[in-house]
Amino acid sequence: MIDPSEYEFAETLKANDIKKDIETTVKAVKLISTRYGDKRVMIIDDDKQVFLNSLSLKELVTAYGEDENNWKGKPVIITTESSERTQGKKSIVVKASEKVE
C-alpha cells in the first residue's frame, strides 16, 4: 500500500545538493512526522524544505528566539560541514545571517 507521507519531503534539500552557501530567508517552519520521529523542517523562499538538525536549531534559537513563528522572513545561510558528529559525512547546517534583506 502506498503511504503518501513517504513523499511529503520530496523537495527536501540534501547536503549533496548544496554546491555553495545559499543565502535565503525563512518562509516557515513546521513539524513533520517521519519514521524517525517528529522533525522540524524549514521552508525557504523557493519552497524547498530543509531538515533542521540540533546544531541548526541551536543557532536559530540563539539568533532569533525560541518561537519559530518569529523566524519568518529572517535571513539564513544554508551550508554544509563534515565533522566527527556526522562520522565525516557532509550535513546541512543553517546559520543566522545579516546579509539577506
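Reader: Which side chain is joined to that of Thr24 by a polar contact of 3.5 Å?
Author: The side chain of Asp45. A polar contact is a pair of N or O atoms within 3.5 Å; within protein, one must be able to donate a hydrogen and the other to accept it, and residues adjacent in sequence count only if both atoms are side-chain atoms.

Reader: What kind of model is this, and what pLDDT do local features need?
Author: This is a predicted model, where local features need pLDDT of at least 70 and side-chain atom pairs count only at pLDDT 80 or more, while totals for chains, interfaces and linings use all residues. Residues are numbered from 1 along each chain as its sequence is written, and side-chain values use heavy atoms, leaving out hydrogens and water.

Reader: Back to Thr24. Buried or exposed?
Author: Thr24 counts as buried, because its relative accessibility is 7%. Buried means under 20% relative accessible area, exposed over 50%, and partly exposed in between, with a 1.4 Å probe and protein chains only.

Reader: Where does Thr24 sit?
Author: Thr24 is in strand β1, opposite Val76 in β4. Strands (E, at least two residues) and helices (H or I, at least four) are DSSP runs, numbered from the N terminus.

Reader: How many bridges join β1 to β2?
Author: Eight, and the two strands run antiparallel. β2 covers residues 37-44. A hairpin of two residues links β1 to β2. Val29 faces Met42 across the pair, and Ser33 stands opposite Asp38.

Reader: And how many join β1 to β4?
Author: Four bridges, again antiparallel, between β1 (residues 22-34) and β4 (residues 75-82). Thr25 stands opposite Pro75 there.

Reader: What about β2 and β3? How many bridges?
Author: Three, in the antiparallel sense, with β3 at residues 49-51. Ile43 stands opposite Gln49.

Reader: Which residue takes a positive phi in that hairpin?
Author: Asp47, near 65 degrees, in a hairpin with four residues between the strands. Asp47 is not a glycine. Most residues other than glycine have a negative phi. Asp47 counts as partly exposed, because its relative accessibility is 46%.

Reader: New topic. Which residues have the most contacts inside the largest nonpolar core?
Author: Met42, Ile78, Ile92 and Val94, in a core of 16 residues. β1, β2, α1 (54-64), β4 and β5 (90-96) each supply at least two of its residues. A nonpolar core is a set of buried Ala, Val, Leu, Ile, Met, Phe, Trp, Tyr and Cys residues joined through side-chain atoms within 4.5 Å.

Reader: What does Ile92 touch?
Author: Leaving out residues up to four places away in sequence, Ile92 touches a list including Leu13, Ile18, Val50, Ser56 and Ile78. Contact means heavy atoms within 4.5 Å.

Reader: Where is Ser97, then?
Author: Ser97 lies in the segment after β5. Ser97 is buried, with a relative accessible area of 2%. Beyond its neighbours within four places in sequence, Ser97 is in contact with Tyr64, Pro75, Val76 and Ile77.

Reader: Last one. What share of the residues counts as buried?
Author: 34% of the 101 residues. The protein exposes about 6900 Å², with carbon and sulfur atoms supplying 48% of it. Accessible areas come from the Shrake-Rupley method with a 1.4 Å probe; for residues, only the protein chains shown count as cover.

Note on methods. Pairing = 2+ DSSP bridges.
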